[in-house]
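Try each task before you read its solution.

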Amino acid sequence: MSGKPDRTDVQSLRRFLRMVNHFAKFLPRLSEETEVLRKLTEKDAEWCWLQSRTDAVDRVKEMIVSAPVLACYDVNKPMIIQCDSSQNGLTINNN
């Protein structure tokens, strides 16, 4: 991960946060990690890129690329299906 600040203005930071938010349900503690970044997007916030913001971007990037990694389904790759054999499991009605 690059340690250099790659967010140069509020608009690019908002784009980054929107992209990351797309994965929010898969990234625990995302709101905690992005808090320091979101403060820069508040109305009348002075743009000041600090090392803490670079660190936050790096941590979020690491969260996205670390296992388990989400990927689009590829029909050409092997697939494993895991299921629960509970008696109270899913019931499908084909009416």
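**Exercise 1. Find the centre of the largest nonpolar core.**
Task: Which residues of the largest nonpolar core touch the most other members?

Solution. This is a predicted model. Start with the core itself: the largest nonpolar core has 13 residues. Leu13, Phe16, Val20, Leu37 and Trp49 touch the most other members. Next, ask where the core comes from. H1, H2 and H3 each supply at least two residues of this core.

Set aside the neighbours of Val20 within four places in sequence. Val20 is then in contact with Leu27, Leu30, Val60 and Ile64.

**Exercise 2. Describe the chain as a whole.**
Task: State how many helices and strands the chain has, and in what order its elements run.

Solution. Count the elements: three helices and zero strands. Read from the N terminus, and the order is α-α-α. Then turn to burial. The chain has 95 residues, and 23% of them count as buried.

**Exercise 3. Examine H1.**
Task: Check the span of H1, then explain why its buried residues line one face.

Solution. Begin with the span. H1 has twelve residues, so at 1.5 Å a residue 16 Å should result. The end C-alpha atoms of H1 are 16 Å apart, which agrees. Seen down the helix axis, the buried residues of H1 fall within an arc of 165°, so they line one face. Name them: Val10, Ser12, Leu13, Phe16, Leu17 and Val20. Their cover includes H2 and H3.

Last, inspect the N-terminal end of H1. Asp9 caps it. A side-chain oxygen of Asp9 lies 3.2 Å from the backbone nitrogen of Gln11.

**Exercise 4. Examine H3.**
Task: Which residues of H3 are buried, and against which helices do they pack?

Solution. Locate H3 at residues 51-65, a run of 15 residues. From first C-alpha to last, H3 reaches 21 Å, close to the 21 Å expected at 1.5 Å a residue. List the buried residues of H3: Arg53, Thr54, Ala56, Val57, Asp58, Val60 and Met63. The partners follow. The buried residues of H3 pack against H1 (10-21) and H2 (30-38).

How values were computed
Residues are numbered from 1 along each chain as its sequence is written. This is a predicted model: local features need pLDDT of at least 70, side-chain atom pairs count only at pLDDT 80 or more; totals for chains, interfaces and linings use all residues. Side-chain values use heavy atoms; hydrogens and water are left out. Helices (H or I, at least four residues) and strands (E, at least two) are DSSP runs, numbered from the N terminus. The expected span of a helix is 1.5 Å times one less than its number of residues. Buried means under 20% relative accessible area, exposed over 50%, partly exposed in between (1.4 Å probe, protein chains only). Contact means heavy atoms within 4.5 Å. A nonpolar core is a set of buried Ala, Val, Leu, Ile, Met, Phe, Trp, Tyr and Cys residues joined through side-chain atoms within 4.5 Å. The arc is that of the directions from the helix axis to the C-beta atoms. A polar contact is a pair of N or O atoms within 3.5 Å; within protein, one must be able to donate a hydrogen and the other to accept it, and residues adjacent in sequence count only if both atoms are side-chain atoms.
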